[in-house]
Amino acid sequence: MRHFNFSLSMDPWNEHGVDHLLTALESDPRGLESIYRLLYGQKLGSLVIPNEVRSIAENEDLEIQSYLFPCVIEELRPPRRIRVGAVQNKIVCPPSSPVAEQILALHNQVKSIIDIAGQCNVNILCFQETWAMPFAFCTREKMPWCEFAESAEDGPSICLLKQYAKKYSMVIISPILEREPMSNVMWNTAVIINSDGSVLGKTRKNHIPRVGDFNESTYYMESQLGHPVFDTPYGRIAVNICYGRHHPLNWLMYGLNGAEIVFNPSATVDSLSESLWPIEARNAAIANHYFTVAINRVGTESFPHEFTSGDGKPAHKEFGHFFGSSYITAPDGVRTPGLSRTRN
């Protein structure tokens, strides 16, 4: 039996999780290779990240990882090499800050992130669920949280990302709280911005949780758009928003409709689903023979007023810890290690 001796500062399990602890085994390459094979299918190679990009990431306190999925080169068809980016980020300002200040801070934060993705030649970039606001649906309060809702065609977040999509010829998936201008109805929506900066379309959350502090049905209901797939210059993509990952038939429909990559922008907390997180999107990739990109919010968000959720727990202000750990899986079940539990 091999014994591995290592020490890490702080509490390594809460800080990084099992994915990052693997780096402590670098001194035993054979043992490390076996562990990667058992956990992830194999140890993936990495893409070259320019030194200037790494410097920017360090200055911004961003974790940046790259992985390369190998494939057999065919004789008759040219290969399609696609670079996919997954973004997990904390909110910048506390939820008690003015709404405009919170939005501006998040917009400024993602500008740097998109610039990094652009310099790494990312083709398709996806953000986490409702990235441009706190995940305030636990509170069941109308104000100020409904002020974050915006148009899926020309809202402030969409207009910002249109510019960057065109700048880098990048498809950007922007999950937002949508407000329909005419009806004033709100939806949990992912907007697909094409590489020319135009809005290609949108999809909405098919399954709304009614468990724990996920009081989302106070704000929006299930989608009526079905399971759309979007034909982009880089492949056919779909977006299975958050809670839809628990429903195998939801994943299946995107595959039947022709998706090659299915993104799962999410916001889920450790006490509820961290044990399920590494399994569900990976299973979906295997079962439906497409790539999956599981993206989770990161950080702990505390709200100004206490709230309850009808589950018998005392009133509280914190939703819980959004544990990040975003990852990508190939159709053969090989997956990347997860990103950090605590960092952008």
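Predicted model: local features only at pLDDT ≥ 70, side-chain atom pairs only at ≥ 80, totals over all residues.
Residues are numbered from 1 along each chain as its sequence is written, and side-chain values use heavy atoms, with hydrogens and water left out.

**View 1. Helices H5 and H6 cross at roughly 20 degrees.** The axes of H5 (residues 99-119) and H6 (residues 156-168) come within 11 Å. Axes here are lines fitted to C-alpha atoms, for helices over the stretch in contact, and angles run from 0 to 180 degrees between N-to-C directions. Helices (H or I, at least four residues) and strands (E, at least two) are DSSP runs, numbered from the N terminus. On the H5 side, the contact (heavy atoms within 4.5 Å) includes His-107, Val-110 and Ile-114; on the H6 side, look for Leu-160, Leu-161 and Tyr-164, among others.

**View 2. Five strands line up as E1-E2-E3-E4-E5.** This is an open sheet with mixed pairing; two strands pair if DSSP finds at least two bridges between them. E1 (84-86) and E5 (199-204) are at the edges with a single partner strand each, so one side of each has no neighbour in the sheet. On average, neighbouring strands are turned by 25 degrees against each other, direction ignored.

**View 3. Strands E3 and E4 run antiparallel, with H6 lying across them.** Eight bridges join E3 (residues 171-179) to E4 (residues 186-193).

**View 4. A second open sheet has the order E6-E7-E8-E9-E12.** Here, too, five strands come together with mixed pairing. The edge strands, E6 (230-232) and E12 (327-329), each pair on one side only.

**View 5. Strands E7 and E8 pair in the parallel sense.** Three bridges link E7 (residues 235-239) with E8 (residues 261-266). Ile-237 has Ile-261 in E8 as its bridge partner. Helix H7 (residues 248-256) packs on the sheet, touching E7, E8 and E9 (291-296). The direction of H7 makes about 145 degrees with that of E8.
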